[in-house]
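This report goes through selected helices, their packing and a few single residues. Please keep the sequence and the model in view while reading.

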Amino acid sequence: MAEFFKNYVAGEFHSPPGAERFFSVNPARTSDVLGEFAITPAEEVSRAVEAARQAFPAWKAVSRPLRAEVIDRFVQLCKKNQEELAKLVTRECGKPEGMADVIEGIHMSQVAAAFGRLPYGEVIGSEIASKDAFLLRRPVGVIAAISPWNFPFAIPLWLFQIAMVEGNTIVFKPSEDTPLCGQRIAGMLHEAGVPPGVFNLVHGDGATGKALVEHEDINAVCFTGSYEVGRLIRMHCAAHPHKRAATECGGKSGLIITKHANLELAVNAAVLGCFRTAGQRCVSTSRLIVDESILPKFVPAFIERTKQIRIGDALRDPNVFCGPQINREAVEKVERYNQMVRDSGRKVLLNGGPSAAPEHREGHFMSPFVYQMDQYDSSFRPLQEEIFGMNAGIIPYPEGDFEEALRIHNDTEYGLAGAIITDDMREAREFKERAEVGLMYINLPTIGAEVHLPFGGLKRSGNGHPSAITLREFVTDKVALTHNFSSSIQLAQGLSAKVQ
Ligand code: NAD
């Protein structure tokens with residue numbers, strides 16, 4: 001019997017009465033059930049939002065350093081439990097990089113805790129000498145935080161740690177694929193002494209997420225996930241102007257490899273970008289845009305290195321590079337795109353698909369699929385849609401035609417991450433100036449961001465409110481305060497203050 005894990009509302013672990021339930025399952029070994037959780041219905045979501053609303057005035061009144069103390073204690077608990085948390089991340093979402101996810105979450109929380117003792121406004125000169133003017137920040141109120149499954153520890157903490165230090169209260173809904181990671185975060189915040197109602201957790205699926213977003217008492221939605229869901233959230237918030245939405249969505253990252261590239265570095269960047277986390281990163285590379293003159297060297301080296309990738313259950317084999325896909329639907333989705341490529345007659349270099357290896361039969365394992373275009377075709381769906389798995393296309397461009405490489409790179413409705421491998425400084429600079437992405441890398445893969453940089457995309461990939469350190473702008477209102485120290489009123493712009 002799997003253990004049932006309760007929601008966390010108003011400082012108590014609480015089971016929504018009569019709610020349907022779902023299970024969290026290890027995608028590398030589906031007989032391993034991590035726990036049972038409620039699909040929280042709308043009325044119970046309401047209870048959580050009300051708890052957050054009630055807690056807001058008192059939490060806002062707590063001093064910033066003291067609010068940050070809670071986060072600091074949370075960091076200590078994360079460090080104490082680091083090994084166990086890393087294993088939990090790997091067990092629940094299958095990726096071998098559980099430890100990196102936990103470390104990233106710790107880094108985010110450290111930044112948030114530091115904000116408690118850093119300036120949070122600005123002093124601004126008034127044109128009237130007897131006036132002082134300030135830019136102040138105020139919390140916006142109750143924030144809905146909704147996260148995806150692929151960074152089940154770090155991303156939730158991007159979404160609400162800074163928001164809490166700024167004085168907001170939170171209702172968090174973790175992904176239905178990784179609810180136990182969300183539960184551990186709630187457990188540690190409880191242990192760290194977060195006051196009742198300041199942080200609340202509701203489990204559930206898209207319907208629970210929708211009920212949370214659409215609750216009238218929500219002031220802001222911090223969402224990370226697919227474009228399709230992000231778009232729905234933005235549409236709802238656009239129709240309800242008292243709500244704002246920060247939506248960080250998917251990507252279709254390109255890696256340009258020019259004839260001036262260090263080939264060894266290029267091959268490594270391509271393998272890491274395409275296949276780390278089994279291609280299930282928002283920033284995963286799915287388009288390799290390669291100068292045709294280096295294809296004869298690059299392609300065999302890339303294929304050879306890709307064939308060496310070790311795929312498996314990272315809890316059983318510490319040398320695994322790639323885990324499984326998150327669930328059966330994900331396997332089916334990736335395989336649909338693989339089949340689209342096969343049916344189109346494009347050259348398939350690695351046939352990928354669901355893994356038939358006996359050691360993989362207990363989980364949702366796939367192997368890498370690599371194909372090569374002869375002519376670039378912007379209408380080819382596998383080059384335009386987010387696949388979120390091990391499917392990579394090699395797109396040759398005419399020798400030395402850097403303009404064409406950039407055109408192909410930018411020819412997507414997404415704009416999250418992009419990279420170039422080149423030792424030519426002019427190419428690197430052109431890329432820096434003209435690549436239409438929010439996360440840009442030179443001589444690196446498209447993965448590997450750090451939390452003290454903004455993390456966000458352009459076009460479909462985001463709506464201009466990047467996560468991580470810059471989320472602070474989004475979770476605060478800016479207020480202009482002017483204080484007069486004279487015994488008379490003087491107005492700016494030469495405006496007369498005479499009343500007649
Ligand atoms: P998803 O969009 O399916 O789900 C994300 C969250 O939204 C889940 O908690 C889900 O329950 C909830 N949800 C679903 N429907 C909803 C609705 N109508 N209203 C409110 N909430 C709803 O994404 P996923 O499969 O969990 O994660 C993968 C996606 O996330 C990929 O597209 C990936 O690129 C993206 N992602 C983006 C970033 C980024 O920072 N840009 C980071 C990681 C993942």
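## Terms and basis

Contact here means heavy atoms within 4.5 Å. Helices (H or I, at least four residues) and strands (E, at least two) are DSSP runs, numbered from the N terminus. Buried stands for under 20% relative accessible area, exposed for over 50%, and partly exposed for values in between (1.4 Å probe, protein chains only).

The model is predicted, and local features need pLDDT of at least 70, side-chain atom pairs count only at pLDDT 80 or more, and totals for chains, interfaces and linings use all residues. Residues are numbered from 1 along each chain as its sequence is written, and side-chain values use heavy atoms, with hydrogens and water left out.

## Helix 11

Helix 11 runs over residues 328-344 and has 17 residues. From first to last C-alpha it reaches 24 Å, close to the 24 Å expected at 1.5 Å a residue; the expected span is 1.5 Å times one less than the number of residues. Its buried residues are A330, V331, V334, Y337, N338 and V341. Viewed down the helix axis, these buried residues fall within an arc of 135°, so they line one face of helix 11. The arc is taken from the directions from the helix axis to the C-beta atoms.

The buried residues of helix 11 pack against strand 14 (347-354), strand 15 (366-372), helix 12 (381-384) and strand 16 (391-397). On the face turned away from the buried side are the exposed residues R328, E329, R336 and D343. Just after the helix, G345 has a positive phi of about 85°.

## Helix 2 and its partners

The 17 residues of helix 2 should span 24 Å at 1.5 Å a residue, and its end C-alpha atoms are 25 Å apart, which agrees. The buried residues of helix 2 are R64, R67, A68, V70, I71, F74, V75, L77 and C78. They pack against helix 1, helix 3 (82-93), helix 4 (98-115), helix 5 (154-165), helix 6 and helix 15 (471-474).

How do helix 2 and helix 6 pack? Helix 2 (residues 64-80) and helix 6 (residues 179-191) have their axes 8 Å apart, at an angle of about 125°. Axes are lines fitted to C-alpha atoms, for helices over the stretch in contact, and angles run from 0 to 180 degrees between N-to-C directions. Helix 2 and helix 6 are therefore oblique to each other. Angles under 35 degrees count as roughly parallel, over 145 as roughly antiparallel, 65 to 115 as roughly perpendicular and the rest as oblique. The crossing of helix 2 and helix 6 is right-handed; a crossing is right-handed if the near helix is turned clockwise from the far one by less than a right angle, and left-handed if anticlockwise. F74, L77, C78 and K80 of helix 2 meet I185, M188, L189 and E191 of helix 6.

## Two further helix pairs

Helix 3 and helix 6 pack at an angle of about 155°, with axes 9 Å apart. These two helices are therefore roughly antiparallel to each other. The contact involves E84, L85, L88, V89 and E92 of helix 3, and P179, L180, C181, R184 and M188 of helix 6.

Helix 13 (residues 402-410) and helix 14 (residues 425-434) have axes 11 Å apart and pack at an angle of about 30°. Helix 13 and helix 14 are therefore roughly parallel to each other, and helix 13 passes helix 14 in a right-handed crossing. F402, E403, L406, H409 and N410 of helix 13 make the contact with E427, E430, F431 and R434 of helix 14.

Most residues other than glycine have a negative phi. A10, which is not a glycine, has a positive phi of about 55°. A10 lies in the loop between strand 1 (7-9) and strand 2 (12-14) and is partly exposed, with a relative accessible area of 37%.

A468 also has a positive phi, near 65°, and is a residue other than glycine. A468 lies in strand 22 (residues 467-468) and is buried, with a relative accessible area of 1%.

E292 is found in the loop between strand 13 (285-291) and helix 10 (295-307), and is partly exposed at a relative accessible area of 41%. Residues up to four places away in sequence aside, E292 touches P396, Y397, P398 and E399. E292 and G225 are 67 residues apart in sequence and 35 Å apart in space, C-alpha to C-alpha.

A61 belongs to helix 1 (residues 42-61) and is exposed, with a relative accessible area of 65%. A61 and G167 are 106 residues apart along the chain, and their C-alpha atoms are separated by 8.0 Å.
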